[in-house]
Amino acid sequence: MGIPSADWLVRPIGPVDEAEVSAVLAERFGVTGTVHDLGSQQDRNYRVCTETGDYVLKIANPASDPAALRAQCAAVERLADASGLRLPRAHAGVDGEVVQRLSAGGVDLVCRLLDYVPGEPIMDSRYLAPPVVARLGELAGRVVAGLADFAGVEQERPQLWDLRNALTVVETLAPHLPDQERAARVLRASRAAHTLLEPFVDRLPVQVIHGDVTDNNVVCEPAADGRRMPVGVIDFGDLGLGWTVAELAVTCASVLHHHGAGPASVLPAVHAFHAVRPLANEEVDALWPLVVLRTSVMVVSGQYDTLLDPGNGYASVALDREWAMFEAAVSVPAEVMTAQLRHALGRPSAQLLPVAEHTLLPGLPDDVASLDLSVSSEELHTGRWLAPDAETVLARATLTAGRTAVRTRHGEFRLTRTTVDDSVPAATCALGVEFHLTGPAEIRAPWAGTVTRHGDTGVTLHTGGLDLLLDGVDAEVQPGPVVSGRRLGTVAAHEGVRVLGIQLFRSCATGGRPPRFAPPELAAGWLEVCPDPTRLFLAPDAPDASSSPYDAPLSARDAQQAVTEAELLERREHSFATVQQHYFETPPQIERGWRHHLVDTRGRGYLDMLNNVTILGHGHPGLGEAVHRQWRRLNTNSRFHYASVVELSERITGLLPAELDTVFLVNSGSEAVDLALRLAWAATGRQDVVAVEEAYHGWTYASDAVSTSIADNPNALASRPPWVHTVAAPNSYRGRHRGPQSRRYAPEAAARIRELADQGRPLAAFVCEPYYGNAGGMALPDGYLRQVYEATRDVGGLCVADEVQVGYGRLGSHFWGFEQQGVVPDIVTVAKAMGNGHPLGAVITRRDIADAYRTQGYFFSSAGGSPVSSVVGLTVLDALRDEDLQTNAREIGAHLKGRLLELAERHALIGAVHGSGLYLGVEFVRDRESLEPATEETAAICDRLRELGVIVQPTSDRQCVLKIKPPLCLTRRSADVFADALDDVLTHGW
């Protein structure tokens with residue numbers, strides 16, 4: 001096979017004997033040390049370790065110009081003075097020159113001795129989080145800003161990596177490569193990208209650029225969350241004149257091979273670069289074609305290097321990585337990515353459509369209904385949107401109701417396209433519309449053009465750079481030119497209904513047809529390339545598409561949904577107290593739920609592993625119907641006499657030991673704990689309470705006073721009133737007593753209770769979660785409550801079991817948490833699960849304790865025990881029983897815990913897996929011996945899991961435990977999805 005020749009094609013040099021390297025170091029630089037080959041694609045790099053520091057000896061390719069090498073050193077000095085980056089500054093030889101000559105294997109070479117820049121590259125394929133990608137873009141921006149007026153390059157020589165030469169490089173090398181199928185793909189993509197680039201080449205700013213600010217040429221240090229953050233730039237071997245925006249294109253390309261990356265993954269880098277060095281409009285338009293060209297050059301040059309030097313392991317290993325970059329770069333048309341980039345930078349382009357001279361469907365009635373298939377749709381309830389034919393079913397139902405035609409909406413994020421249990425976001429944004437009709441309808445060309453056919457019922461009308469794609473046509477017209485108004489055919493009938501798909505498409509250089517739906521992260525780009533065809537249904541003299549008779553005005557609810565997530569979040573910050581925090585720094589806007597899944601406004605489905613409030617799951621149809629019926633019938637307060645409040649009270653006491661026979665109904669867990677303490681005070685005539693450390697019980701005065709979690713209140717321990725006393729958290733994993741020694745917690749707590757009594761402060765109550773929730777779903781040591789309850793009662797106190805989180809069958813093995821400890825409390829508090837998200841809680845106690853409250857007056861809760869609340873409580877209990885959710889919690893929880901324990905065997909970050917049933921916690925530690933909490937890593941892992949479609953959050957005082965308390969309807973499939981996603985994150989990074 002012949003090898004092409006050009007002055008920018010460089011033959012890699014072979015390895016240089018390490019003895020020769022050592023001799024050069026001593027002779028030329030006066031340095032002695034150990035030498036290690038670092039590998040390189042065309043040069044040779046050696047790390048030199050000495051007693052005074054580490055260096056890199058770079059032996060340049062014979063084709064390298066010494067003047068260019070001096071310019072690289074000067075550029076580094078320029079940046080070192082201004083950028084604050086870690087950089088490889090050059091050291092002069094014994095003769096004062098930074099560039100030294102040597103001879104190796106009979107070949108004259110030159111070399112330089114540079115500082116070894118500490119840190120690690122990120123060129124492996126691990127996942128790059130948005131902050132890391134942003135830092136890459138920032139570094140690229142700082143480099144070009146620092147070199148903006150640098151004039152140290154003496155002459156411009158054609159270079160392999162100068163993207164101004166990209167097409168020439170690809171066309172020269174592609175015919176000679178062994179994999180001609182790949183070579184042909186790269187060649188086509190390069191030519192298409194160059195076509196898009198041509199209008200801008202004379203307007204793109206040119207300066208000296210690094211040319212290779214990539215994942216392989218930055219050094220990183222670990223951040224607190226374990227992510228490797230770039231802090232320095234190395235390898236200035238590609239320094240030279242080039243388009244300024246090419247620096248960013250090179251950086252973006254390097255992101256694309258990383259785990260889970262796609263075209264949208266580069267957006268943080270673009271934003272960060274733009275913040276440092278603003279991009280002109282033509283640079284934005286040139287950016288993605290340059291990314292395609294960069295990846296194309298990498299593919300062909302990598303294969304070329306292995307062809308010339310088959311033993312070059314550095315180049316060979318890179319081949320798969322380079323192909324992955326190319327595949328990602330061309331996975332979306334460059335025009336779409338350009339539109340997406342412009343939108344991301346707030347510069348959407350305005351492109352007008354040709355004026356429709358004739359109506360596409362002239363026979364449409366005046367009252368065509370629009371189907372609402374959005375996340376806020378009222379028609380798509382009780383999970384019907386998950387059916388594969390949901391759109392057709394709803395359309396037919398609407399037609400059956402008397403309509404003759406209905407249509408879908410362009411640009412709508414369709415709930416019917418949402419997927420669940422899927423780590424890849426579904427394509428939910430509609431890029432066209434569909435008409436559903438009961439009778440025949442003719443189709444006419446809205447403007448002149450050329451017709452082609454696709455499939456049996458597909459017609460495309462080409463007009464300039466715009467295509468009108470029609471699917472579902474009984475075509476009459478033959479392929480070829482047509483005049484405006486020409487009849488193209490009629491809407492084809494299928495199973496009694498006629499459906500016509502309509503889509504506009506601005507033709508792309510890469511050809512092909514657009515998808516019918518776009519993924520949310522690229523929706524803005526695709527919508528610009530596939531504009532709204534609504535005007536085609538209007539009469540030619542209609543003033544504006546917004547006056548379409550087929551679209552009703554936005555309701556207040558629809559208008560709210562039209563607001564972007566960012567705008568709504570900003571409004572929240574202005575009107576909602578900021579101490580009422582939200583999950584995630586940039587939270588998705590959740591507007592829908594079904595069973596153990598949530599859906600945001602863009603149709604992204606999430607697995608909800610967090611929501612212990614909605615024990616039945618979201619959108620429960622039986623609960624919704626029961627509430628609807630009761631709201632229509634009556635809602636008032638519990639001072640009125642009605643059946644449901646009685647029935648609920650009886651049902652609750654029937655689930656508890658016989659002595660717990662009296663119920664108070666309230667609105668929340670906080671109120672329940674507050675009332676429980678007031679009952680204890682009234683019944684005992686005392687106020688002192690003992691609480692367990694690291695616990696949360698509520699936000700009212702009394703419940704907050706006994707809350708000791710510093711995660712919820714950093715001042716919790718210091719701000720307790722004098723009547724609250726604490727005992728150590730019985731944490732058998734990381735507490736004072738661990739493992740078998742955890743049995744010591746109970747006698748110590750009992751001794752403290754007796755000590756207080758001896759000091760004249762006998763308890764009114766001991767309050768504790770019977771299964772430790774705030775610490776991460778952790779069982780109390782065996783016998784703990786038995787011993788502590790005995791000590792409490794010995795001094796005349798009452799025992800309060802806070803079942804707000806753990807009650808109602810979540811443990812699987814037991815309905816109540818206290819049952820696991822083999823005790824019976826005096827007072828039980830419950831909420832959360834009791835109302836499945838409706839504000840409902842209860843305090844259950846003995847009659848004598850309840851009656852003691854009369855010494856403090858009457859008790860009344862306006863909404864506690866209202867007819868609606870009571871019906872909610874009854875319906876939840878019915879569903880728990882009828883759907884056997886406690887058994888599901890036991891079986892699915894055991895399966896999930898087994899999966900998590902298996903992950904713990906493979907991932908050192910998992911220190912322990914706590915819990916029972918669907919009350920679990922995964923505790924992350926940096927070291928299994930010291931148990932140093934991996935707090936920052938846990939937060940970052942939660943962010944990455946959200947990207948993979950799983951909602952979970954940290955818990956515990958150290959915020960290093962994944963809180964795993966999903967709805968009890970969780971399926972085995974969804975449990976595996978969560979475990980697989982967690983495995984993915986721990987394997988590939990966060």
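**Aromatic and charge–ring close-ups**

**View 1. A cluster of rings is formed by Tyr 808, Phe 815, Trp 816 and Phe 818, linked through ring pairs.** Rings of Phe, Tyr and Trp (its six-membered ring) pair if their centres lie within 6.5 Å; planes under 30 degrees apart count as stacked, over 60 as edge-to-face and the rest as tilted. The model is predicted: local features need pLDDT of at least 70, side-chain atom pairs count only at pLDDT 80 or more, and totals for chains, interfaces and linings use all residues. Residues are numbered from 1 along each chain as its sequence is written, and side-chain values use heavy atoms, with hydrogens and water left out.

**View 2. Phe 664 and Phe 859 make an edge-to-face pair, one of 12 aromatic pairs.** Their centres are 5.5 Å apart, with 85 degrees between the planes. Phe 664 belongs to strand E28 (residues 662-666) and Phe 859 to the loop between helix H22 (847-852) and helix H23 (867-882), so the pair ties together parts 195 residues apart in sequence. Helices (H or I, at least four residues) and strands (E, at least two) are DSSP runs, numbered from the N terminus. Phe 664 is buried at 12% relative accessible area, whereas Phe 859, at 30%, is partly exposed. Buried means under 20%, exposed over 50%, and partly exposed in between (1.4 Å probe, protein chains only).

**View 3. Arg 47 places its charged end over the ring of Tyr 116, 3.8 Å from the ring centre.** A charge sits over a ring if NZ of Lys or CZ of Arg is within 6 Å of the ring centre and within 35 degrees of the ring normal.

**View 4. Arg 946 lies over the face of Phe 584.** The distance to the ring centre is 5.2 Å.
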